[in-house]
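Thanks for making the time this morning.

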Amino acid sequence: MCHFMHNVAFQSIGVQCDLLAVPPLKKFAEVCGIEDEPPSNTDTEDADLDASFQMTHDETTTEYVQVHNILSFTFYQHYSDDMEEQLSPTEPASTLDEIKYIVFKSSLMELFKVCTSCHNPCVGELTNPKGTIVTVKQLCSYCSYKRVWNSQPFIKDTPSGNILLSAAILVSGGTPGKFLRMLNYMNVACISERTFYSHQSRYLEPAILSVWNEKQSALLEQCKSCGTSLSIGGDGRADSPGHSAKYGSYGIIDLDTNKIIHVQLVQSNEVKSSNHMEMEGLSRALDFLASNSLKVGTLITDRHKQIASFIRKEHPDVEHRYDVWHVSKGIKKKLLQLAKYKDCEIVSEWIKSITNHLYWCAASTSDGEQMVVRWTSLMSHLCNQHDNCYHSDLAERRKKWFTPGSKACEKLNDVIINNYLLADIRKLSSYQQTSSLESYHSVINHFAPKLLCFSYIGMHCRLLIAAMHFNENFGRAQATTQSGMERIKIVFPKQKHGEFTPKIVPVPKTYKYAEELLRKAIDICSNEE
């Protein structure tokens with residue numbers, strides 16, 4: 001029954017079978033097209049089959065080859081038909097979901113030592129390495145069977161692993177030089193820095209801009225749906241320490257939702273000097289909000305004098321307020337410097353109380369003049385004169401009171417009643433602060449460290465990625481233990497000089513934005529003409 005199969009011409013499926021999952025085999029009779037016999041005859045068939053194999057060595061070999069040919073042909077036919085869809089080029093979006101492995105060359109070449117057609121020894125040769133992809137050419141000297149195997153699918157003419165590696169470096173906040181050098185230390189085949197920057201400009205930047213524009217549009221629509229004027233916070237950030245920054249970014253946060261709604265990047269050669277980048281960033285940001293039919297009611301910033309003058313002249317309808325922390329930080333610096341003078345050491349004991357008093361002045365009233373009155377009453381309190389104080393009777397204090405007329409008292413009074421400081425205290429924000437915007441700046445430090453230099457495209461991309469990361473993860477719920485208790489931890493911030501602060505432990509971060517960015521980059525690459 002098997003003689004018609006002697007000269008079967010096998011058609012290669014072009015894939016190393018050992019690298020793919022083998023589909024479930026059908027019954028031998030079903031594969032060969034033989035009808036099944038009733039179960040009652042099973043024993044008889046087994047006996048006949050055993051008898052048929054009592055042959056000479058030559059006959060056994062011939063019959064085995066014939067049966068093997070039938071199985072090989074029918075299996076390849078079945079395998080080729082059932083796996084045709086899997087062997088077709090991988091769809092662009094699915095390359096992200098596939099698990100990838102690091103494979104050693106010696107282990108990989110073991111798979112190409114046997115011909116998949118005649119099962120004789122064969123030779124595989126690595127050819128044309130392109131970044132992360134490896135191509136193996138296999139040629140059999142016995143049956144002349146040959147094929148070319150690629151370790152990963154292509155997206156158009158670009159190996160998918162190359163574009164995914166570039167995207168992963170950028171989206172994770174890494175730097176190509178450091179990451180690729182790490183792979184080189186391991187002797188892992190990878191792309192070059194030039195390839196990374198090519199991918200960044202061709203695929204990654206358009207993907208980041210596209211995803212950010214979608215998310216930003218949704219945030220702006222949410223702001224419009226509220227039907228009220230915006231209460232926003234704004235702050236600038238230089239790309240390097242000192243006063244010679246090349247780039248300045250300005251972030252705008254909606255203080256009602258704590259979401260970054262706009263990021264503006266300014267290069268120093270666009271303005272008079274690097275000191276003017278922050279005001280230019282704010283000006284462009286306000287123009288952007290106005291072009292989207294959004295009205296700004298309240299703006300909270302730091303004590304930047306140029307911005308204060310700009311808002312007063314160009315946007316008189318905007319209520320400009322100062323963040324309390326920035327004012328407090330300036331006062332604290334002056335008090336620390338004052339405490340270093342002779343006979344003024346007592347000031348250091350009262351620094352925390354003085355800054356706390358400033359926060360109370362801002363929180364207890366929204367009237368600027370009342371803030372000034374309450375702030376200037378501080379000196380009487382420090383001298384143990386409480387006629388104008390708002391507190392109840394005090395318990396005995398360990399700290400020493402100031403002596404009226406002393407050197408420390410006179411110098412501290414000069415700091416408290418400084419005219420520039422009083423003008424700033426009148427504009428303190430009572431309800432909302434920009435602390436969440438400072439948290440966004442700490443996220444930027446991960447994606448764009450100040451000690452590293454980036455191109456304009458690279459800096460812009462990293463700022464937007466930081467904004468998407470912040471919007472997705474800020475305000476996460478507090479984590480709990482297995483028993484349901486809320487988790488907290490003790491930290492020792494540098495600015496508190498050894499004092500501890502309890503902080504909640506949030507649930508783990510999510511990175512949905514990263515998956516969106518990678519899929520968008522693959523989509524742009526696959527649709528490139």
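Lysine 224 and glutamate 221 join their side chains in a salt bridge, with 3.8 Å from N to O, where a salt bridge is a side-chain nitrogen of Lys or Arg within 4 Å of a carboxyl oxygen of Asp or Glu. Both residues belong to helix H9 and sit 3 residues apart, about one turn of the helix; helices (H or I, at least four residues) and strands (E, at least two) are DSSP runs, numbered from the N terminus. Lysine 224 counts as partly exposed because its relative accessibility is 34%, and glutamate 221 is partly exposed as well, with a relative accessible area of 48%. Here buried means under 20% relative accessible area, exposed means over 50%, and partly exposed lies in between, with a 1.4 Å probe and protein chains only.

Before I go on, a word on the source: this is a predicted model, in which local features need pLDDT of at least 70 and side-chain atom pairs count only at pLDDT 80 or more, while totals for chains, interfaces and linings use all residues. Residues are numbered from 1 along each chain as its sequence is written, and side-chain values use heavy atoms, with hydrogens and water left out.

How many salt bridges does the count come to by this rule? The count comes to 13, and one of them is the pair of lysine 215 and glutamate 516, whose side chains meet at 3.3 Å, N to O. This pair links distant parts of the chain, since lysine 215 lies in helix H9 (residues 193-226) and glutamate 516 in helix H20 (residues 512-526), 301 residues apart. Lysine 215 is partly exposed at 27% relative accessibility, and glutamate 516 is partly exposed at 36%.

Arginine 519 counts as partly exposed at 27% relative accessibility, and glutamate 515 is partly exposed with a relative accessible area of 42%.

Leaving aside neighbours within four places in sequence, glutamate 205 is in contact, meaning heavy atoms within 4.5 Å, with Gln200, Ile457 and Cys461. For glutamate 205 and cysteine 461, the separation is 256 residues in sequence and 6.2 Å in space, C-alpha to C-alpha.

Now to two polar residues in strands. Serine 231 has its place in strand E6 (residues 230-238) and counts as buried at 10% relative accessibility. The side chain of serine 231 makes a polar contact with the side chain of glutamine 432 at 2.4 Å. A polar contact is a pair of N or O atoms within 3.5 Å; within protein, one must be able to donate a hydrogen and the other to accept it, and residues adjacent in sequence count only if both atoms are side-chain atoms. Not counting residues up to four places away in sequence, serine 231 touches residues including Ile253, Asp254, Leu255 and Thr298.

Glutamine 264 is found in strand E8 (residues 259-267) and counts as buried at 16% relative accessibility. Its side chain makes a polar contact with the side chain of histidine 262, at 2.9 Å.

Next, a sheet. An open sheet of 3 strands has the order E1-E2-E3, with antiparallel pairing, and two strands pair if DSSP finds at least two bridges between them. Strands E1 (123-130) and E3 (146-150) stand at the edges, each with a single partner strand, so one side of each is left without a neighbour in the sheet. E1 and strand E2 (residues 133-139) pair over 6 bridges, and the bridge partner of glycine 124 in E2 is glutamine 138.

Finally, the whole chain: there are 20 helices and 12 strands, and buried residues make up 40% of the 529 residues. Among contacts between residues at least 6 apart in sequence, 63% join residues at least 24 apart.
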